Amino acid sequence: MDRKLYQWISALVRDKPGLTTDRPVSQLGQKVQTYYGFGHLSNSRLIFSAEDKRRLRQQILAEVGLDPFTTEHLPENRLEMAQYHANEKLAAKPASEDQLLLNSQDGIIRINNVEIQLYPQSLTSAGLICMNSSIETIEHDTIVVVENLAIMPLCHAWQIPCIDPKALWLYRGDHKSGAKANACRDFVERFGADNTIIVFSDMDPKGLEIAATLPFAKFWLGPNAKFWRPLLTGQYASHIGFDTQFEATSYLLRLLDSNSVSEPFKNLISVMSDERSSFRQEHTYSHNVPLELIPIRVKDHS
């Protein structure tokens with residue numbers, strides 16, 4: 001039994017349980033036929049009778065401890081999977097893929113109706129690594145999704161008047177820190193509809209692409225508009241970074257002809273494209289560049 005096989009079986013037994021079902025010949029289907037002994041081959045199709053599906057359902061329930069008719073997917077994490085099966089690695093998501101890095105403006109994370117004091121003032125921290133699947137509620141009104149890990153420890157020191165002082169900071173994730181991009185996106189998909197989502201990224205093609213594609217993102221946080229061109233032509237601008245982000249640049253240029261993004265966001269894309277230059281978050285902090293919120297989508301522009 002593995003995750004893909006369980007999901008295939010679940011779809012089978014849920015499909016018209018009182019009738020015969022046919023499936024195209026596949027590796028998973030043949031595995032069900034040979035390993036569990038249910039179904040037969042006819043005219044290059046795998047045929048499963050209603051009785052086949054009933055008995056297969058019972059077999060999986062006895063083997064895994066989960067009913068594939070009522071439980072479409074295996075548990076998300078290994079600890080939960082361990083309640084049902086000797087092989088906890090059958091869990092849909094490895095533990096390493098479920099990790100989030102959280103921080104907050106005031107040093108307090110408010111999740112699951114608990115306030116967590118992160119660190120004393122004498123200790124600089126990037127935040128709290130926790131399991132995305134363990135978070136059921138958040139008691140923050142604003143979520144700031146941060147592109148760069150170096151910025152996460154600055155959230156309590158970087159005074160940003162234009163955002164909620166109790167905002168929850170969420171690291172976008174990478175392949176090195178432990179925090180994962182998929183876990184971040186899932187978190188935003190779960191809680192974004194009821195919160196203000198802000199993307200705090202580099203002023204470069206990839207950063208703006210993140211802002212434009214993240215679910216529920218309302219604002220991009222970055223340098224004040226009157227500083228865009230001076231920053232992109234100044235000594236701390238990066239032309240190399242712009243040129244290496246071809247796919248993101250192409251995506252953004254297509255948005256210029258779209259009615260989905262706001263005029264201020266289009267202006268940002270245009271200025272950056274004209275100068276073929278980028279400006280990083282680290283330089284924004286180091287040189288005390290004033291920040292503002294730019295609405296991303298048309299409906300958010302007020």
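**View 1. Strands β1 and β3 sit side by side, joined by four bridges.** β3 covers residues 45–48, and β1 and β3 run antiparallel. Look for Thr21: its bridge partner in β3 is Phe48. Strands here are DSSP runs (E, at least two residues), helices are runs of H or I with at least four residues, and both are numbered from the N terminus. Two strands pair if DSSP finds at least two bridges between them. This is a predicted model, where local features need pLDDT of at least 70 and side-chain atom pairs count only at pLDDT 80 or more, while totals for chains, interfaces and linings use all residues. Residues are numbered from 1 along each chain as its sequence is written, and side-chain values use heavy atoms, leaving out hydrogens and water.

View 2. Contact means heavy atoms within 4.5 Å.

**View 3. Here is the one cavity of 30 Å³ or more that a search of the whole structure finds.** A cavity is a set of points, on a 1 Å grid over the protein atoms alone, where a 1.4 Å probe fits but cannot get out; lining residues have an atom within 4 Å of a point. Grid points are joined across faces, edges and corners, and the volume is the space filled by probe spheres set on the points. Among the lining residues are Phe200, Asp202, Trp220 and Gln281. β11 (217–223) and α11 (281–286) each give two or more residues to the lining, and β11 gives the most, with four.

**View 4. Lys266 belongs to helix α10 (residues 263–275).** Is Lys266 buried or exposed? Lys266 counts as buried because its relative accessible area is 10%, and buried means under 20% (1.4 Å probe, protein chains only). Leaving aside residues up to four places away in sequence, Lys266 touches Leu255, Leu256, Ser258 and Val261.

Key
1 Å grid on protein atoms, 1.4 Å probe; cavity = no way out; pocket = protein on both sides within 12 Å on 5 of 7 lines; lining within 4 Å. Buried < 20%, exposed > 50% of the residue type's maximum accessible area, 1.4 Å probe, protein only.
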